[in-house]
Amino acid sequence: MVRLPSPYPASTPNASLYVGDLHPDVTESELFEKFSPVGQVVTVRVCRDAVSRKSLGYAYINFKDAAAAEEAMQQLNFEPLRARPMRIMRVNRDPSKRKSTTGNIFISNLDKHVDTRTLHDSFSTYGKVYSCKLAVDNNGNSKGYAFIHFEREQDADAAIADVNAKNVDGSPGRKVRAAKYLSRTSRLREAENSFTNIFVKNFGNELDEAKFKQMFGKYGEIISCKLVRDEFGKSKGFGFVAYKDPESAKRAIAAWNGMSLPGSSLMLHVCRAQTKQERTAELKRQYEAARQAGANIYIKNIGEGIDDKMLYEIFMNCGPITSAKVMTDEKGSSKGFGFVCFEQPESACRAVNKMNNTLFFGKRLYVAVAQRKDDRHSLLASKYMSTQAQQRLAEINAMPKIGGGYFAQSQIARVNNVVPPYQTGPTLITPQYVPLPVYEIQQAPSVGFAGYAQPVQPQYAHPQNRAVVQVGGFNRDSEHPPKVLPQNPASTRPVEQTDNPATEPLDAFCRRVAIALPYVKQGLLGERINHQLRNSMSLTEELARKVTGFLLYGLPVSDLIDMVKDDGAFRRRTDEAIDFLAREAKT
């Protein structure tokens, strides 16, 4: 294979840069204009979402040589572009090194005025910094912590030893904390084993600060304790205790979790104090576990006066409850439905059987096992499609079967390959008629389609010598046939039959369907499809009739025409119809 030369100069492997923290509206042309003065740029690519095509906030820039890439990183790193500083680093194509936490440190308690460049310059004295990222909010304001990745582990250790608990930004009284970076899983595991703060709830108004501190003070030295109160000074029934060492916190949890206060029926819940992120993840995990086990129920038609507490009280007799929530809008008004999560699936089943259709606040509750939104939509769609299919099948079976077939032949049968020239639609299979001489009918010529006068049509008589007269497009038997005129060979010659829609050439058939009336089109297509099913697909007459009816009822005329033109589409549609009819027959 001959490799053709590229019109662009090739870049060396270490001449590629990663540019992060970009504004969503930054384009390739803006980056090219920003970086091209430094050196020759080969390619620029802003990474975008595959579906929405929105920027992911980072890009890759390839230079012709590594020296230009190094110069661009030195000059433009942390330079603002659309009011956001760019974070530039060399591209590392080894995923194990990119994901490694070696040499990565976490800095917290930073002053709000510290920017990324100041942080990078401060820590560059300890060694070569591979990446420096300051956490900011949507407005670009610092969150007070950052991540710094050194190329060597010993440089990171030296920075931690020298910076931790010291002032690095010049702000008096503010000492930063520096530690090795830990992944989220590692942090959660460490927090579960070395926590000192505990959370206590479900004690109502029975405790004040003095009793609260006295109750938990016997398990170790307390640094601080806090009862949470509302705006009126009333206790909300939960609080926090911070111990000096983890062992004291663990002893307090073991002593009071699941226990009741003396003289009270309230059961305390004591556990490790969690951050909002940890609590949200834990509730999500519990919800998924409860949903899979069938312990979460859905309540609809809830009265406006029912809140979370009342919903909890309504269902508490069915079993231990993990959570109860009435869904509200942005104004705090009830939406009329909610959820209750039980600890055991048996309690949820008991609640459904006991509380469904129960009257509360003038409304009858609807109680059922909760389902995910996607599962519920799939179930409803499946029920709807099944109902539609059954109705369609019933309509197909109710259609009249004339002459053993589904599609009737015309009301004037084809005899000896002779039919009236205007006939195009389905025909009714009748006893054979024989052609007779044309009679002169004393009336004005009928007006056909598109305003053209209809020619005198040849008439057909029954073998019993009764004349069949064509009047206004309908057949009427007449006891007294009109006077017979002298026969003209030209007028008595049968009109040649137009091709059978089931067997005529495809191009002629398509032209015929294109100019036919809407109700005639479906009949023509029905004859064609029925003929193909019995001959090309070798289906039985009854199955071909059912499949034809199914296709005619289920597909628009345009799709039917495309199906007739394409053998592959015809077979695919036929197989789908046969599979559906087979499933319906089993059910």
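Select helix H1, residues 28-35. H1 lies across strand E1 (16-20), E2, E3 and E6. Its direction is about 140° to E2. Contact here means heavy atoms within 4.5 Å. Axes are lines fitted to C-alpha atoms, for helices over the stretch in contact, and angles run from 0 to 180 degrees between N-to-C directions. Helices (H or I, at least four residues) and strands (E, at least two) are DSSP runs, numbered from the N terminus.

This is a predicted model: local features need pLDDT of at least 70, side-chain atom pairs count only at pLDDT 80 or more, and totals for chains, interfaces and linings use all residues. Residues are numbered from 1 along each chain as its sequence is written, and side-chain values use heavy atoms, with hydrogens and water left out.

Next, select helix H2, residues 66-76. H2 lies across E1, E3 and E6, at about 155° to E6.

Now show the sheet. It is open, with 4 strands in the order E2-E3-E1-E6 and antiparallel pairing. Its edge strands are E2 (41-48) and E6 (87-90), each pairing on one side only. The twist averages 20° from one strand to the next. Strands pair if DSSP finds at least two bridges between them. E2 and E3 (residues 55-63) pair over 6 bridges. Zoom in on Arg48, which stands opposite Ser55 in E3.

Finally, go to helix H14, residues 506-515. Its buried residues (under 20% relative accessible area, 1.4 Å probe, protein chains only) are Phe509, Arg512 and Val513. Seen down the axis of H14, they fall within an arc of 95°, so they line one face. The arc is that of the directions from the helix axis to the C-beta atoms. Turn to the face away from the buried side: Asp507, Arg511, Ala514 and Ile515 are exposed there, meaning over 50%.
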